[in-house]
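Hello,

Here is the structure I said I would pass on. My notes on it follow below.

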Amino acid sequence: MCRNITTLRGLEPPATDEEIAAAARQFVRKVTGVQSPSTATAEPLDRAVDEIAAIVARLLDELPARRQPPTTVPPLRRPEVRARLDHLHEHEHEHEHEHEHEHEHEHEHRSPVAP
């Protein structure tokens, strides 16, 4: 099985929707061999991730409690992973704002069109 998928059952606090979706995404990537979805593969892969995440969430709710917590910590609970993701999201956010300003800037310098 994929080494990147960690045990979610028995976590304290319980696994989050984000952690369940990340595990589902890793599973789908592993079984399909698709690491970077294309336009042709994005929709079916996203649908599979959503369906698998729903099944896993339901399964985790239905299983009895574990006697001991898992021995590994899910990646999204690791400080170095969270820091990397936060940095990535900040960079994406900055990039979005750069494009917003460029578009506003372009509109400011357009000369009025005569009627």
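Proline 13 lies in the segment before α1 (17–32); helices here are DSSP runs of H or I with at least four residues, strands are runs of E with at least two, and both are numbered from the N terminus. The peptide bond that leads from glutamate 12 to proline 13 is cis, with omega near -5 degrees. Most peptide bonds are trans.

This is a predicted model, in which local features need pLDDT of at least 70, side-chain atom pairs count only at pLDDT 80 or more, and totals for chains, interfaces and linings use all residues. Residues are numbered from 1 along each chain as its sequence is written, and side-chain values use heavy atoms, with hydrogens and water left out.

The protein chain has three helices and zero strands, in the order α-α-α from the N terminus on.

Helix α2 covers residues 39–62, and because each of its 24 residues counts for 1.5 Å, the helix should span 34 Å (the expected span is 1.5 Å times one less than the number of residues). The end C-alpha atoms are 36 Å apart, which agrees.

Which residues of α2 are buried? They are Leu45, Val49 and Ala53, where buried means under 20% relative accessible area, exposed over 50% and partly exposed in between (1.4 Å probe, protein chains only). The buried residues of α2 pack against α1. In the protein chain, 15% of the 115 residues count as buried.

Of the contacts (heavy atoms within 4.5 Å) between residues at least 6 apart in sequence, 72% join residues at least 24 apart.

Regards
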